[in-house]
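User: Please examine the model shown below and answer a few questions about its local geometry.

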Amino acid sequence: MYLNNYAKIIVNIGVAVEKGDLIKINFSSEHLPLVREISKEAYKSGAQFVSLNLRDPEIEKIRVRYLKEEFLGSFPKSEVENELNYAKSGYSTITIVAPTFVDEDYDSVERASIINKAKSIAMSPCRSFGMENHHKWVVVNAPTKEWAMQVFPEHPENKAIELLWNHIFDVTKSNEQNPVSAWQQQDGILKNIAKRLNKFQFSALRFISEKTDLTVSLVKNHVWLGGSETTKDGKVFMSNIPVEEVWTMPNKYHVNGYVSITKPIILAGETIQDLKLFFENGKVTRIEPQHQVVLDFLLTDEGANRIGEVALVSAYSGIAKTNITFKSTLLDENAACHIALGQAYIDNILDGPLKNEEELTELGMNRSAVHEDIMFGDRSMSVYGLLEKEEILIMENGKYRFEFSCIYKCLSRNV
């Protein structure tokens, strides 16, 4: 029952299927039961066609292991053109993801890093097209055996998968009586927080915790977003399910201080923890401890060592309350305040799509072939919004201050 509810959320909230829509589903071989439910709900909602794209993690690992050296740094142009053609043809994209983990020997990680960099650079037109909301898209999680055993290593495989599914059903509201209505209410909550923040037009945010002291300037006329988004032709969709964050655009030239990550990041299949990043005038100038995979990522292109997103998340969100580190960016980013290294979202600046590249660069928008979330929030964190002559305490000890938390309480009371 809950699997069908999850499919209904993905179809009706994620890509909000309408009559005549074209749908593309990217999925792993272990996700076929969910794909069938999504397809059923999409056709029931009026979809014209559902196209399937299998992305098998085991085959990707085979590629990492056996690909000839001469091809490591290349990616087929035809694959990029095919992906872009789907998007430009009007397909809404549903991507079902689960983190993958390579063998932690240096050769495997190094090869995976080179392959991922080549793919990121080649696929950057597709990433930009999606992040500029030319079409509807959503990213969701579903378990795999490998991922479940990473999260619950103390359990047998079947039990680990069951536990992970139960948590996904919980944080995606799939186990609620009316899950679609629950997400409509969640959307309203996040929209109200974003609306409140937009009234201030802070010049910067300052994040302070036991392990972090970071000041992030915001671009002029920045826009806070939360929950659902809108395509260029006015269609509503929700790009991530679940979502607990509100986010906006930093000024890539003015980020100073340091952050200590509180949730692991997965790069080239390697789990990276206990990392501290130091920023000066927008750039990452030092990381502690030194980590080759991270250094390689920062050298992807000019924008990879600057940030394109800053997001607020309550340390008491539904996902945070599970007290589980999921090792999945989609889940972990909705349990902690975070920044993202790389590409910015153009809708986070007023009239962004109407500005040319020179104007956007001057304002401080970051461009990159990558977008990697770095989680650093926790229950010791306070967040201040900086104005010309005062500071506004937005979050204290990981919680929104009264004016913001009231939004949660008041709306929840009306549920």
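This is a predicted model: local features need pLDDT of at least 70, side-chain atom pairs count only at pLDDT 80 or more; totals for chains, interfaces and linings use all residues.

User: How far apart are the end C-alpha atoms of helix H4 (residues 77-88)?

Analyst: Helix H4 has 12 residues, and at 1.5 Å a residue it should span 16 Å. The separation in the model agrees with that expectation: the end C-alpha atoms are 16 Å apart.

User: Within what arc do the buried residues of H4 fall, seen down its axis?

Analyst: The buried residues in H4 are Val-80, Glu-83, Leu-84 and Ala-87. Seen down the axis of H4, they line one face of the helix, because they fall within an arc of 95°.

User: Which residue just after H4 takes a positive phi?

Analyst: The backbone just after H4 has a phi of about 100°. The residue with this positive value is Gly-90.

User: Is Ala-268 buried or exposed?

Analyst: Ala-268 lies in the loop between strand S13 (265-267) and strand S14 (270-272). Leaving out residues up to four places away in sequence, Ala-268 touches Val-102, Val-109, Ala-112, Ser-113, Asn-116 and Val-293. Its relative accessible area is 10%, and the cut-off is under 20%, so Ala-268 counts as buried.

User: What distance separates the C-alpha atoms of Ala-268 and Glu-110?

Analyst: Ala-268 and Glu-110 are 158 residues apart along the chain. Their C-alpha atoms are separated by 7.8 Å.

User: Which residue is the bridge partner of Ser-260 in S15?

Analyst: Strand S12 (residues 250-260) pairs with strand S6 (residues 213-218) in the antiparallel sense over five bridges. S12 also pairs with strand S15 (residues 276-280), again in the antiparallel sense, over four bridges. In S15, the bridge partner of Ser-260 is Lys-276.

How values were computed. Residues are numbered from 1 along each chain as its sequence is written. Side-chain values use heavy atoms; hydrogens and water are left out. Helices (H or I, at least four residues) and strands (E, at least two) are DSSP runs, numbered from the N terminus. The expected span of a helix is 1.5 Å times one less than its number of residues. Buried means under 20% relative accessible area, exposed over 50%, partly exposed in between (1.4 Å probe, protein chains only). The arc is that of the directions from the helix axis to the C-beta atoms. Contact means heavy atoms within 4.5 Å. Two strands pair if DSSP finds at least two bridges between them.
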